Amino acid sequence: MLTSFTRCTLKLLAAATLFTACDPAQPTATNVASAAPEPLVDSAAVLPSDTVTAASPVQETALAPQAINLAADAAAILARPEVPILCYHQIRDWTATDSELAKTYIVPEERFREQIKMLADSGYHTVSPDELMAYLTTGAYLPEKPIMLTFDDTNLTQYEVAAPELEKYGFKGVFFVMTVSLGRPRYMSSAQVRELADRGHTIGSHTWDHHNVKNYEGQDWVTQVEKPKKKLEEIVGQPVTYFAYPFGLWNPQAIPELKSRGTTAAFQLAAAQDRQEPLHSIRRIIASGYWSPASLHRNMAGSFNKN
Ligand SMILES: [Zn+2]
């Protein structure tokens, strides 16, 4: 069944493909919603004050909770080495009806296990959005070989397959949830999202139903940003301040709208960051279903820290 939503999604996909095609290391597909339309963490953005006092200079970089400075200078943020961030969607074996394009964002289970094992064997350590923000805005400590693993669109396979696999290695993920899908077949329930948060993963917003942020006006900001954020906060019992753009698409006009609604960072795909608002245009790459562990590693090296 090709619903009007799906037709809209396909059009956007085509646009998104063009949008990212200039980056040779970026797979051609981007974020896709399936027939059902498909929604981050204000966690204490500000830290216990003792972490920023001058009293105990040395150890706290590694041991204390880390402060986030939302007033940090954009140039200073952009000057820091990028942390590689991967974006996953469905983790399941391919079927006969999956298109060639779809296979870039559907990662077969065994391939996913190989990719995650490669990251662990290579010495990577997952970081949370809070840790990333502390690093970007203050230069706070990150573990060696940091990486962030993100999961968009609320697919049930993320709960059933991805989270347990990450946990084998002590990894934590970031799950960007679109609230319209909660409880639908093949999508996570509210209870499962809460469980992921309780297990130490981060929950972010991916809008209500995955419409392109570039087209929002008026009430759309309430429907797609304000209400989903509130609903997710009710579900997880924590502030939700991180946001992932549907299809990875954004424009500079969207950023003040997100900021005024309590979003402290927003994640796109592989386009260049906004020079004035780097925290609201943080780059990710889609970890393709076609990529062997070695391909994934090559693409990480090719996409991040190119400057
Ligand atoms: Zn999406």
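1. A crossing of two helices is called left-handed if the near helix is turned anticlockwise from the far one by less than a right angle, and right-handed if clockwise. Helices here (H or I, at least four residues) and strands (E, at least two) are DSSP runs, numbered from the N terminus.

2. A word on what you are looking at: this is a predicted model, where local features need pLDDT of at least 70, side-chain atom pairs count only at pLDDT 80 or more, and totals for chains, interfaces and linings use all residues. Residues are numbered from 1 along each chain as its sequence is written. The term pLDDT is the predictor's confidence in each residue, from 0 to 100. The chain has an average pLDDT of 84, and 78% of the residues score at least 70. Please read residues 1-63 with care: their pLDDT stays under 50. For this stretch the model has 133 contacts beyond four places in sequence, a contact being two residues whose C-beta atoms, placed from the backbone, lie within 7 Å.

3. Now the overall make-up. The chain has 10 helices and 10 strands. Of its 307 residues, 45% count as buried. Buried means that 20 or more other C-beta atoms lie within 10 Å of a residue's own; exposed means 12 or fewer, and partly exposed is in between, with C-beta atoms placed from the backbone.

4. How do H4 and H6 cross? Their crossing is right-handed. The axes of H4 (residues 109-121) and H6 (residues 156-168) come within 10 Å and cross at roughly 25°. Axes are lines fitted to C-alpha atoms, for helices over the stretch in contact, and angles run from 0 to 180 degrees between N-to-C directions. Angles under 35 degrees count as roughly parallel, over 145 as roughly antiparallel, 65 to 115 as roughly perpendicular and the rest as oblique. H4 and H6 are therefore roughly parallel to each other. On the H4 side the contact is made by Glu 109, Phe 112, Arg 113 and Ile 116, and on the H6 side by Val 161, Ala 162, Glu 165 and Leu 166.

5. H4 also packs with H10 (residues 293-303), at an angle of about 55° and with the axes 9 Å apart. This pair is therefore oblique, and its crossing is right-handed. Here Glu 114, Gln 115 and Met 118 of H4 meet Pro 293, Leu 296 and His 297 of H10.

6. Next, look inside. The largest nonpolar core has 70 residues, of which Tyr 88, Val 193, Ile 203, Ala 266 and Ala 287 touch the most other members. Such a core is a set of buried Ala, Val, Leu, Ile, Met, Phe, Trp, Tyr and Cys residues joined through C-beta atoms within 7 Å. Helix H5 (residues 129-138) gives the most to this core, with 5 residues.

7. Pro 129 lies in H5 and counts as buried because it has 23 C-beta neighbours inside 10 Å. Just after H5, Gly 139 takes a positive phi of about 80°.

8. Finally, is Gly 123 buried or exposed? Gly 123 is exposed, with 9 other C-beta atoms within 10 Å. It lies in the loop between H4 and strand E4 (125-126).
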